[in-house]
Amino acid sequence: MQIELFNTLTRRIDPFEPLRDGEVRMYTCGPTVYDYAHIGNMRAFLCADLLQRVLRVVGGYEVRWVMNITDIDDKTIRGSAPGSPLWRPEMGEQTDDPRENLRRYTSFYEQAFLEDIERLHIRRRDLSAMPRATEYIPQMQDLVRRIVERGFGYIAGNSVYFDLSAWQAVAPYGRLLPIDLASIKPGARIDADQYERQEVTDFVLWKAWKPGEPYWDFELQGRQLPGRPGWHLECSTMEHELLGLPFDIHTGGIDLRFPHHENEIAQSMAGYGVDPTRFWVHNEFLEVEGQKMSKSLGNFFTLRDLLKQGIDPLDIRFAMLGAHYRSPFNFTFAGIEAARGARKRVQEYIYALHEPAPDDGIHVDVAAVRERIFSHLAHDLHTPKAFAEFFSFLNATPATALSAESRREVLHFISELNQIVDVWDIAPRPPEEIPEEIRRLAEQRWQLRLQRRYAEADALRYQIQQAGYTIKDLRDGYIIERL
RNA sequence: GGUCCCGUAGCCUAGUGGUGAGGCAGAGGUCUGCAAAACCUCGUACGGCGGUUCGAAUCCGCCCGGGACCUCCA
């Protein structure tokens with residue numbers, strides 16, 4: 001099916017075709033591993049995951065998906081510095097080597113991140129690579145060298161900067177977000193990489209070493225410039241190395257449009273001579289109870305915070321997919337509760353599809369429903385419309401009324417849909433592990449009930465409920481379920 | 001201060017000029033000894049005030065509220 005995507009570059013929904021036949025190359029700006037990821041970060045990765053799954057399942061493409069790990073920047077350096085309050089015992093002992101400390105610190109949070117995304121069913125197997133920035137230092141240095149050689153970079157104070165005015169003389173800048181060009185101050189430089197979005201200025205490509213910080217040797221134009229890469233540089237380099245330029249789709253949070261992605265474009269074009277990607281896909285932010293999520297408001301959550309509260313990560317996944325990726329998603333606990341109920345309802349429907357069908361079961365046109373739902377997904381990942389369509393179908397088509405053949409077809413379709421949504425179990429209802437004691441009580445109750453000794457039967461049911469199980473009476477028997 | 005987005009029934013989420021939107025919660029009903037589950041039925045909502053129009057949630061203006069980027073905790 002033809003996929004269409006909103007492209008930040010063109011500001012409209014464009015039909016998508018990969019540059020190479022049948023294969024989509026896609027890059028996602030990954031986490032900076034300085035702390036546990038929060039649910040706002042998670043939304044961005046979930047949106048990317050949705051996109052790559054829709055490309056595979058609806059578009060029928062092979063997808064080569066790369067998400068980087070930023071393991072060198074101000075925050076990771078600060079966190080791994082000697083005496084840092086952020087250092088945790090699980091990271092081991094701090095050493096005399098800043099680079100080794102950085103490695104221990106970031107690998108701890110990288111591991112935590114991998115665990116987090118796995119819980120949200122962002123599958124490691126779908127990612128063809130998760131490169132760490134520190135493993136591509138020589139390639140980054142090569143890109144800096146290219147940029148300088150072509151006259152778009154210069155050395156100043158042992159750092160290397162991108163010469164924005166030289167660049168603007170030959171190419172447009174501000175393609176992703178209209179930038180007020182008048183605010184550009186010629187020659188002004190920015191060193192900070194704390195997601196530097198200070199001003200439209202010459203941004204740093206290579207940052208000079210400061211005592212105590214990790215550094216890599218770098219020789220440029222006969223000068224020794226020990227230091228580390230600037231933030232924007234890593235993505236430009238790793239895309240080039242792992243996907244090849246140009247590639248198809250670049251995703252990230254909407255905040256990264258400027259300056260990060262804008263600078264990425266400038267670097268890649270200036271250094272490699274290639275406009276790196278054709279589709280820029282940006283997801284909107286997450287809010288909490290209608291407010292910006294921030295530590296000062298006390299509404300700041302990591303995924304782990306929510307798991308501690310007993311929330312099922314798949315309910316979070318389902319809730320987030322319920323909002324369109326270009327709309328703000330309002331995270332509320334009531335919303336998660338609603339998602340839980342809706343998800344469970346579908347799960348029960350799936351279980352019911354596995355049960356024996358009546359002889360007079362009705363037939364449904366599954367192909368038509370599939371077509372409608374998938375075309376909503378194909379049209380700029382419109383999950384809300386797809387879900388509305390899906391639930392309308394479920395409402396109109398009770399599982400219990402379906403013929404055996406239709407049940408198979410519906411099940412097959414839901415299983416296909418679940419290759420994208422990935423929050424349901426397509427298998428039959430798993431047998432409950434019911435303790436012998438509970439089974440005995442339930443059987444006793446059933447016998448009492450057959451004898452119409454209801455008061456005694458109810459007392460037993462109450463006892464069973466206290467033990468955490470519930471009885472559902474059927475026509476000729478009963479089932480026991482865990483509460 | 002500049003540029004821009006949003007405000008939909010109790011709660012979420014779609015919908016950009018002209019029948020019904022989807023989910024959760026809630027109400028009534030069928031079934032059941034009772035219940036649970038399942039199934040059926042039920043909600044004329046569009047922040048406020050003006051304006052344009054035969055007709056506005058949808059367009060325009062102002063106001064209120066939330067958010068984004070431009071000036072580092074996404």
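Q: In what order do the 5 strands of the open sheet stand?
A: In this predicted model, where local features need pLDDT of at least 70, side-chain atom pairs count only at pLDDT 80 or more, and totals for chains, interfaces and linings use all residues, the pairing within the open sheet is parallel. Residues are numbered from 1 along each chain as its sequence is written, while chains are lettered from A and ligands numbered from 1 in the order in which they are written. Strands are DSSP runs of E with at least two residues and helices are runs of H or I with at least four, numbered from the N terminus, and two strands pair if DSSP finds at least two bridges between them. The order of the 5 strands is β5-β4-β3-β13-β14.

Q: Why is one side of β5 and of β14 left without a neighbour in the sheet?
A: β5 pairs with β4 over 2 bridges in the parallel sense, and β14 pairs with β13, also in the parallel sense, over 6 bridges. One side of each of β5 and β14 (277-283) lacks a neighbour because both stand at the edges, each with a single partner strand.

Q: Which residue of β14 is the bridge partner of H250?
A: Strand β13 covers residues 247-253 and pairs with β14. The bridge partner of H250 in β14 is W280.

Q: How many of the 6 residues of strand β4 are buried?
A: β4 (residues 62-67) pairs with strand β3 (residues 23-28) in the parallel sense over 6 bridges, and E23 stands opposite E62 of β4. A residue counts as buried if 20 or more other C-beta atoms, placed from the backbone, lie within 10 Å of its own. By that criterion β4 is mostly covered, the number of buried residues being 5.

Q: What is the handedness of the β-α-β unit made by β3, α1 and β4?
A: A crossover is right-handed if, with the strands pointing away from the viewer, the path from the first strand over the helix to the second runs clockwise. The unit made by β3, α1 and β4 is right-handed.

Q: At roughly what angle do the axes of α1 and α13 cross?
A: Axes are lines fitted to C-alpha atoms, for helices over the stretch in contact, with angles from 0 to 180 degrees between N-to-C directions. The axes of α1 (residues 39-57) and α13 (residues 404-421) come within 8 Å, and their crossing angle is roughly 145°.

Conventions. A residue is buried if 20 or more other C-beta atoms lie within 10 Å of its own, exposed if 12 or fewer, and partly exposed in between; C-beta atoms are placed from the backbone.
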